[in-house]
Amino acid sequence: VPEAIAFAFVAGVSPIIGLYSAFFIGLITAVLGGRPGMISGATGAMAVVVVGLVAMHGVEYLFPTVILCGMIQLVVGFLRLGKLIRLVPHPVMLGFVNGLAIVICLAQFGSFQSFDRVSGQLQMITGAPLAMMLGLVVLTMAIIWLLPKVTKAVPPSLVAILTVTLVSIAVNSKVSSDGGKENFVATVGDMLKANADAKSVADQRKAEESVQAMSVQQPVSSENNAYTLASWFAVDDKPVTEPGTSPEAIVGGGDDGSEATDVAAVDTASISGGLPQLFFYEYVVPPMTIGTLWIVFPFALTLAGVGLIESLMTLTLIDEITETRGRGNRECIGQGTANIVCGLFGGMGGCAMIGQSLINVNSGGRGRLSGVTAAVCLLLFILFLGPWIERIPMAALVGVMFMVVIGTFEWASLKMFHRMPRSDVGVMVLVAGYTVLMHDLATAVILGVIVSALVFAWKHAMHLGADVQINKHGSKIYQLHGPLFFASVSSFRDLFEPASDPEDVVIDFYYTRVYDQSALEAINALAEKYEDCGKRLHLTHLSDECRGLLDRAGDFVEVNLSEDPQYHVATDRLG
């Protein structure tokens with residue numbers, strides 16, 4: 001519950017959205033996913049992507065994005081592309097995890113803010129409230145760190161949250177009895193109200209600016225004033241905003257003189273809720289146009305990539321701990337189904353949670369029932385325990401998240417700097433830096449994989465060589481060593497001297513392999529040079545695949561079938 005709320009704050013959406021997301025993602029992936037015992041929910045990896053979409057286009061665009069994200073994940077699962085996680089090198093994974101930890105850490109500083117009624121904005125707290133919050137953050141972290149050294153019978157995070165909550169209740173009660181009107185220790189409820197107030201002021205200012213702009217423009221057709229489910233499927237649902245509603249009514253209030261009610265502000269001021277409803281009954285639905293697709297598709301693709309990468313990475317980790325094997329493609333299908341349902345019911349999406357999965361598996365919860373139980377209990381919290389959760393101090397949440405950051409960051413990677421190849425260190429720093437600066441985890445991983453592949457190709461391009469000798473028949477034999485592919489083609493050409501070579505030349509491929517079309521073209525071009533010089537070229541010890549591809553080289557290339565290589569599982573050859 002605390003992390004779902006915290007990640008919702010990171011994403012810039014209502015905590016109830018984060019809680020609903022955790023319920024749907026956790027329940028469906030527990031039933032349909034490919035790794036029993038793995039816990040899924042609203043995560044920081046998804047939240048740091050969502051925040052940009054919500055900030056630029058509004059929460060209404062979030063839900064279609066999550067649905068499209070789930071569809072993309074389903075396609076990946078049905079095409080059996082989950083195995084592609086094997087292509088992610090370890091330095092990329094280290095950079096991914098470290099960058100994610102830094103992003104989550106930086107996001108916590110938003111909890112050190114309060115609403116300033118003069119400016120109408122959130123500002124950093126100072127003085128005694130800041131000192132008290134820092135002290136409670138340290139207390140939370142100390143309990144989480146020290147309690148497992150004493151006993152493991154109870155979760156340390158739960159004990160820390162309960163302890164700090166009791167302290168905050170005592171402090172706030174003392175301040176209230178002394179005549180204070182506001183809580184000295186900010187709680188979840190205070191943060192919800194502060195965010196709601198700030199959003200309400202910002203929305204009102206935008207509406208006033210819109211009124212001023214509309215006063216000097218032509219009236220807008222009422223057909224463009226609201227898009228609801230009726231805009232998509234032409235049903236008779238009543239729009240959230242009636243077509244033709246004047247902006248003055250939105251800003252100033254109703255016709256009866258009452259103040260306008262900000263639906264979003266009310267929604268963000270509490271985490272109590274009923275059973276989740278389909279999102280188009282509560283939010284204005286964006287128009288289903290190419291423009292909308294152009295907006296949501298990049299975010300959906302990023303969410304799908306981030307979710308699958310983190311889920312498959314978690315699956316691999318749990319496989320190692322349990323010494324069993326999960327099903328990556330089924331996990332992709334489970335994650336996709338969960339995100340589609342989550343989006344339909346107004347969730348922010350999610351994926352596997354590394355910390356919770358480790359806690360669950362290490363505690364013995366290795367079946368699907370553990371994930372189902374976690375999700376159902378979460379829904380019960382939403383339905384019945386919302387007012388209690390709102391009394392949790394923000395310091396407790398920040399302390400928990402700081403411990404998550406400490407646990408997520410791979411500290412061992414800092415010690416490996418002097419032992420790792422410089423290229424791997426560069427890839428790790430690149431992925432982490434891009435993640436922190438751009439908040440785009442999927443692109444960071446893809447970029448890291450590309451750079452790692454280029455580094456690998458460059459290194460192996462330097463490993464192509466040949467042992468040259470003349471046999472008793474006067475033929476010159478080039479015995480190649482190393483891979484022949486696009487990056488080593490130049491080195492391959494430099495090995496041969498067609499003009500000065502004898503009449504008969506042999507290229508032995510016993511210790512090498514031909515990998516791509518660039519290599520075939522290089523062999524073809526070399527054969528043409530020897531033919532132009534009136535010399536004969538023999539290619540020996542080619543694999544069946546290479547010989548089939550080289551058929552198009554022409555009659556001047558002779559493949560010696562009598563010298564096929566012998567393939568063995570093990571060999572006594574040492575080099």
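What does Leu447 count as at its 28% relative accessibility?

Analyst: At 28% relative accessibility, Leu447 counts as partly exposed, a class that lies between buried, under 20% relative accessible area, and exposed, over 50%, with a 1.4 Å probe and protein chains only. Before going on, note that this is a predicted model, in which local features need pLDDT of at least 70, side-chain atom pairs count only at pLDDT 80 or more, and totals for chains, interfaces and linings use all residues. Residues are numbered from 1 along each chain as its sequence is written, and side-chain values use heavy atoms, with hydrogens and water left out.

Leu447 sits in helix H20, which covers residues 441-461; helices (H or I, at least four residues) and strands (E, at least two) are DSSP runs numbered from the N terminus. If residues up to four places away in sequence are not counted, Leu447 touches Leu430 and Tyr434, where contact means heavy atoms within 4.5 Å. The C-alpha atoms of Leu447 and Val431 are separated by 7.3 Å, although these residues are 16 apart along the chain.

Ile67 gives an example of a buried residue, with a relative accessible area of 11%, and its place is in helix H4. Leaving aside neighbours within four places in sequence, Ile67 is in contact with Phe279, Asn339, Ile340, Gly343 and Leu344, and its C-alpha atom is 9.7 Å from that of Met348, which is 281 residues away along the chain.

Phe63 lies in helix H4 (residues 62-78) and Phe279 in the loop between helix H11 (263-268) and H12, so the pair ties together parts that are 216 residues apart in sequence. Both Phe63 and Phe279 are buried, and together with Phe280, Tyr281 and Tyr283 they form one aromatic cluster.

Helix H12 (residues 290-322) packs with helix H3 (residues 44-57) at an angle of about 170 degrees, with the axes 9 Å apart; axes are lines fitted to C-alpha atoms, for helices over the stretch in contact, and angles run from 0 to 180 degrees between N-to-C directions. H3 and H12 are therefore roughly antiparallel to each other, since angles over 145 degrees count this way, while those under 35 are roughly parallel, 65 to 115 roughly perpendicular and the rest oblique. Among the residues that make this contact are Val49 and Leu53 of H3, and Phe299 and Val306 of H12.

Ser311 also belongs to helix H12, and at 0% relative accessibility it counts as buried. Not counting residues up to four places away in sequence, Ser311 touches Met38, Glu331, Gln335, Cys351 and Ala352.

How values were computed: Rings of Phe, Tyr and Trp (its six-membered ring) pair if their centres lie within 6.5 Å; planes under 30 degrees apart count as stacked, over 60 as edge-to-face and the rest as tilted.
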